[in-house]
Amino acid sequence: MPDAVVIGAGPNGLVAANLLADAGWSVTVLEEQPEPGGAVRHDRGVHPDFVNDLFSSFYPLAAASPVLEQLRLHEHGLRWSHAPSVLAHPLTDGRCAVLDRRIDVTAASLDRFAAGDGAAWRRLHDVWEDVRPDILGALFTPFPPIRSGARLAYRLRTAGGLRLARSLVLPARRLGEEEFVGEGGRILLAGNALHADLAPEASGSGGFGWLMAMLGQTYGFPVPVGGSGELVRALVARLEARGATVQCGRKAEQIVVRGGRAVAVRTADAETVAASRAVLADVSVPVLYGDLVAPEHLPSQLMDDLRRFQWDFSTFKVDWALDGRVPWQAEEAAGAGTVHLADGVDELTRFAAQIAMGQVPDRPFSLFGQMTTSDATRSPSGTESAWAYTHVPQHIRGDAGDEKITGTWDSREQEVMADRVERQVERFAPGFRSTIRARRILAPPTLEALDRNLHGGAINGGTAAMHQQLVFRPAPGTGRAETPVTGLYLASAGAHPGGGVHGAPGANAARAALRRRAPAPLAAAQRVLAGRDRTGRKPQK
């Protein structure tokens, strides 16, 4: 009988399993899909000569994560690669805002929109550098982040305090208007906010856009060499070296609760896998509460609160194998790993408003990934492995494009929407479609079939809006990994701090399990989490 059973071999589940194994626990990981990884996988399904990531691709939060840093995954073969530039946001008039790890390049790009905007960007970056350690500490530790929160409060007081706090809760549109004269800085903030489901007018979208932009400025948007799944391969190799097992093709159907405690996981093949100490669930919140755990084991207030749980936008993705590089009208976009495709903040607002009204957008804001530009191993020289994704409503009531997309996502609707995405690319890269050798469509039902956590194609584990963050994530008063069932811990993006590949929900769940049940292993785990060896010293790198 293992000490712990982890449901789900996504990055959060694997991080949790690694930390438990580091503490001396025996661990079994159960994964429904035929391979581990969750939303971090790649394949050659578009064309045999091209590596395409199935879901996520760029990992600024992984680069910034102290959780992943302490796992020392480079010792298990993980290598990172960067595109020449982090991100570009071209406009149809040929202008282009560029985010580059060299701040002089970013600033010069924004000065071309309006003199002085480069200096404004530097001021925002100076604030980031002052508060960065404690923002990241608060982001990657259990809520409430007492130590880092106290330090952050002190830094905020010395850095302009209430003024900075006000800026962080501003909508991206308003923050951009206050900080920049030209369009360049404004579209960098608003476009980055829409990596989540935060419209330019949403409260807090300015702070989220600023955070993503500053992560890119400091850490870049790196990719694993060879494909996104290399990150998972390193996590699994590290875990198995510590004696844990990862069992794929094992769907969890029920968490067995006895006397108010999680004691086992029952699988679809009618096997019961007992856990002597803990069950950690890297699953979506609605699946955990009321599906895996029967309602009679849960407080009625929690079940009532979860009826108000809000998913983030659905996602529609297209993968391509391109015979050549993308013919961008703005040449600055050629060297960027990520390219944002919307003709200004107003078009971003229009896009988000259409989704809010239940309409499939007619000019879909698209995040475009140039993977061979980011990692030369992804396709033959002179070609490009590429993708774009956009968002659509969870519940479709109409089609702003007047092509009768209803949300059935049959083959006709998938082809129509993929063509619409390609037309959006063509607005900024005339001739793009002539470079396509092959394409693959990943509609919302396809994404969910490949990873059950991606409900309706939602990729964030629930909305990133302020009403479902911190103490409100996933429901009011449930901001930590602990659940109402003793020995059961939420380890997915449904818990604080939410989506992105950084491992924090998994680490928080592991810490919670270790704190509760094992005084002796806890000391060892705390040393690992602090980056120390058995003697308490920092290991030499």
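Me: What should I know before I start reading?

Reply: The model is predicted, so local features need pLDDT of at least 70 and side-chain atom pairs count only at pLDDT 80 or more, while totals for chains, interfaces and linings use all residues. Residues are numbered from 1 along each chain as its sequence is written, and side-chain values use heavy atoms, with hydrogens and water left out.

Me: How do I read a sheet, and what is the strand order here?

Reply: Strands of a sheet pair through backbone hydrogen bonds, either parallel or antiparallel. Strands (E, at least two residues) and helices (H or I, at least four) are DSSP runs, numbered from the N terminus, and two strands pair if DSSP finds at least two bridges between them. In this model, an open sheet of seven strands runs in the order β7-β6-β15-β17-β18-β14-β20, with mixed pairing. Its edge strands, β7 (96-99) and β20 (436-442), each pair on one side only.

Me: In which sense do β15 and β17 pair?

Reply: Strand β15 (residues 336-341) and strand β17 (residues 366-370) are antiparallel, with four bridges. If you look at Thr338, its bridge partner in β17 is Gly369.

Me: Now for salt bridges: how many are there?

Reply: A salt bridge is a side-chain nitrogen of Lys or Arg within 4 Å of a carboxyl oxygen of Asp or Glu. By this rule there are 41 salt bridges. One of them joins the side chains of Arg166 and Glu178, at 2.8 Å from N to O. Arg166 lies in helix α7 (residues 161-169) and Glu178 in helix α8 (residues 172-179), so the pair ties together parts that are twelve residues apart in sequence.

Me: Are Arg420 and Asp399, another pair, buried or exposed?

Reply: Buried means under 20% relative accessible area, exposed over 50%, and partly exposed in between (1.4 Å probe, protein chains only). The side chains of Arg420 and Asp399 meet in a salt bridge at 2.8 Å, N to O. This pair links distant parts of the chain, with Arg420 in helix α16 (residues 411-428) and Asp399 in strand β19 (residues 398-399), 21 residues apart. Arg420 is buried at 2%, and Asp399 counts as buried at 16%.
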